[in-house]
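Biologist: I would like to check some labels with you. Please show me the model first.

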Amino acid sequence: MRVDSFPLILPASGAPPEAFAGTLLDWYDAHARNLPWRSPPGAPPPDPYRVWLSEVMLQQTTVAAVKAYFAAFTTRWPTVADLAAAPDADVMQAWAGLGYYARARNLLACARAVAANGGQFPATEVGLRALPGIGAYTAAAIASIAFGEHAVVVDGNVERVMARLFAVVTSLPAARHELRVHAAALTPQARAGDYAQAVMDLGATVCAPHNPRCGACPVRTWCAGHASGDPARYPVRPPKAVRPVRHGTAFRLEAQGHVLLVRRPAKGLLGGMLGLPTTDWGAADADWRDAAPLAADWTIRPTAIHHIFTHFELRLSVAAAMLVERPSVEGEWRPVDRLDDAGLPTVFAKAVAAR
C-alpha cells in the first residue's frame, strides 16, 4: 500500500496538517496531563531515562497503575546506571504486579547496554531501536519526547484518534499502516514531542474508546468520524477471538510459619519471578499430585483462582498442606507475614490468599 494513496489533508475540513497541529498544541498547552515523567509543554525535554522507564512501564498498563511504580523505581534507582547495577531479583520483585514480566527482563538488559555505553541513551530513533526491548513505538516516543526528533509516535490512543479523524473503515490490525501514514502526515517538524503527547492525551482524556467527549474536543471540526454522527464505531475491530482456557494446580506448603516459594525459569511466562510450585498449565489437570514438591496431606482449597493472561485464561486450583518441620526441598521458605514483600505476581498472590 503506497503512502500517497491516502489523503494528506483532513477530510472533514480540508485544512492542511499545520493548522491541525497548531490547534492541538494550543489545546495541549492548556490541558496537558501532569505526569511525573513529563516536562510541562514548551519546557526543556525530560531526562531520557525517565521517558524510557515510563514508556516501558506503560506498555499495556494504565497511567494510574504506573505512577506508584515509577516513583518507587526512580527513588530506588534514580539513574540508568543505578538500575543497571541492580540485582535481577530486586528488579523483578519491584516490578511485581505490573505484569508482562518479559518487560522487566528487557528493562534490565537495556539499562545494562546503555550503562556500558557511558550511560547515555542514543538520541535517534534508529539508535534506540538497537537497544534490547525497544520497539518501534518506544523508540519513536523517546526520540521525540526526550530528544525532540521528528518521529511518528503511534500507540493505541493515536490509532483511535487517527481512525476517527479519517473515518478509516479498514479494521485493525490491517488498518495500522494506513493509520501510521495519517499520523506521519500530521506530525509537525517543530515541537514533535509535545505534539506526540498531545495526541496521546487527546485519546486518553477526550477521544475515549467507548464514549468520546466530542463536545470537549478541540479538533472536532477536522474529524470525519464526528461528522459521520457515530465516531465510536472507529477504529473498526474484528470480532474478538475466544481466549483458550488452561488448568493447573498451585501448591501452598506451610511449615513453622513459612511458605515454600520457588523461582520460575528465567525465560517463559512470569520468568524469573518467585511463586508457588505448580503443575504445568495445560488442557487438563488430572495428575496434580505427581507434580507436588513432596509427599504430604494435600487438600484442595474451595476457592479456585481465575486469572487472565494476554493469550489465555488460567483456572488454578490451590492444594494446601501443613508440615511440622521445614524439610530440605528446592526453593526458599518465606515467612507468612512477609509474603507481601516477596514481589509475587498477581496470580500467585491470589493463590497464597485463597481459602
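**Labels against cut-offs**

Modeller: A polar atom of the Arg 252 side chain lies 3.0 Å from the backbone oxygen of Val 352. This is a predicted model, where local features need pLDDT of at least 70, side-chain atom pairs count only at pLDDT 80 or more, and totals for chains, interfaces and linings use all residues. Residues are numbered from 1 along each chain as its sequence is written, and side-chain values use heavy atoms, with hydrogens and water left out.

Biologist: What makes the link between the side chains of Arg 252 and Glu 254 a polar contact?

Modeller: The distance is 2.7 Å. A polar contact is a pair of N or O atoms within 3.5 Å; within protein, one must be able to donate a hydrogen and the other to accept it, and residues adjacent in sequence count only if both atoms are side-chain atoms.

Biologist: Why is Arg 252 called buried?

Modeller: Its relative accessibility is 6%, so Arg 252 counts as buried. Buried means under 20% relative accessible area, exposed over 50%, partly exposed in between (1.4 Å probe, protein chains only).

Biologist: Why does Gln 256 count as partly exposed?

Modeller: Gln 256 has 40% relative accessibility, so it falls in the partly exposed class. Its phi is near 50 degrees, a positive value in a residue other than glycine.
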